[in-house]
Amino acid sequence: MIEDLRTLVEVESPSRDLDALRKSAETVAAVVEARLGGRAVLVDSEGGPHVHWTGGGTPRVLILGHHDTVFPLGTLARRPFLVEDGRATGPGVFDMLGGLVQAIHGLASLDDRSGVEILVTADEEVGSHSSRALIEERALACGAVLVVEGAADGGGVKTGRKGCGTFEVSVAGRASHAGLEPAAGVNALVEAAHQVLAIAALGRPEVGTTVTPTVASAGTLDNVVPAAATVVVDVRVESAEETQRIESAFAALAPNLDEAVITVRGSVGRPPMPESAAAGLLAVAQRLLPGLQGRAVGGGSDGNFTAALGVPTLDGLGAVGGGAHADHEYLLVASMAERAHLVAGLVDAIRSA
């Protein structure tokens, strides 16, 4: 498993880099074929190649993951793959190449691999726009989904996730000379400041809704009234009702300054993952691994899509470790075999149910 993990980590795969993603997909496919036999098919898309493998027979369970990472090309040179003091480090080891390796080796331990599909997508880190339809199609066909994203803190599996969305609020104003004719302009930056305060006030943390302005830009020169501004907002919700409230509130944003124009793009693209979708599979996992905990978390995954369809979905079955998206990302090597066997046991239990 460690050598296969090294192989995947050493082929960098930043989201949206189509050349890098093709090399990564080919590498994932080669590892799958070497360990499981059969043919892993590359499914081309505008987001990069997805990898799909089937063990044949009637579909019963989908193992779901992704091979894109958040790290730009060149990260590997600065932070190479390393195993030291029981930890594997390197870009993507925890999110989520370790989970892919564990799942592949878990399946390899089974004599019968029929009824199992693996789908490894290329654009999860940037919204899964090109893979969502395929994910939903295979989830409905299989009827159960095991998501091999990294484990929750302490090694728990993930039984619920918030819905996630990104909104972009653009303000159009009018430029003028900041010294000679400031009143002749329409200051897009001032309008954006009004909007940021209104947007931040939409959060309701008491019901799990967070609304966080994250990126802003405005202006061109220090003596020009800004004619344009943009604010990007991260949204997390726990219910369909809050999804509707937030989307309606963004659609209703109105300018404060005369002649300013506001345009809003975005939505809550990943629906919430209710804990009810994981209940049955969690009970099976806890019989296989006594003491295993289930946790609801704030981040989203492709499991949000499958759970929202009513397909039983258990997430966080991948690597035990931490530091997702950070330079200190790591995987605990001692947990790899246990997690591989957990995936194999779940597959057997689902097929025999």
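Okay, helix 1 (residues 2–9) and helix 4: their axes come within 10 Å and cross at roughly 135°. Axes here are lines fitted to C-alpha atoms, for helices over the stretch in contact, with angles from 0 to 180 degrees between N-to-C directions. That makes helix 1 oblique to helix 4, as angles under 35 degrees count as roughly parallel, over 145 as roughly antiparallel, 65 to 115 as roughly perpendicular and the rest as oblique. Who makes the contact (heavy atoms within 4.5 Å)? From helix 1 you've got Asp4, Leu5, Leu8 and Val9, and from helix 4 Val93, Leu97, Gly98, Val101 and His105.

Quick caveat: this is a predicted model, so local features need pLDDT of at least 70, side-chain atom pairs count only at pLDDT 80 or more, and totals for chains, interfaces and linings use all residues. Residues are numbered from 1 along each chain as its sequence is written, and side-chain values use heavy atoms, with hydrogens and water left out.

Now the sheet. Helix 4 (residues 93–108) lies across strand 5, strand 15 and strand 16, at about 40° to strand 16. Helices (H or I, at least four residues) and strands (E, at least two) are DSSP runs, numbered from the N terminus. The sheet is open, 4 strands in the order 4-5-16-15, with antiparallel pairing; strands pair if DSSP finds at least two bridges between them. Strand 4 (82–84) and strand 15 (321–322) are at the edges with a single partner strand each, so one side of each has no neighbour in the sheet. Strand 5 (residues 87–89) and strand 16 (residues 330–332) are joined by 3 bridges, and Ala88 has Leu331 as its bridge partner.

How values were computed. Contact = heavy atoms within 4.5 Å.
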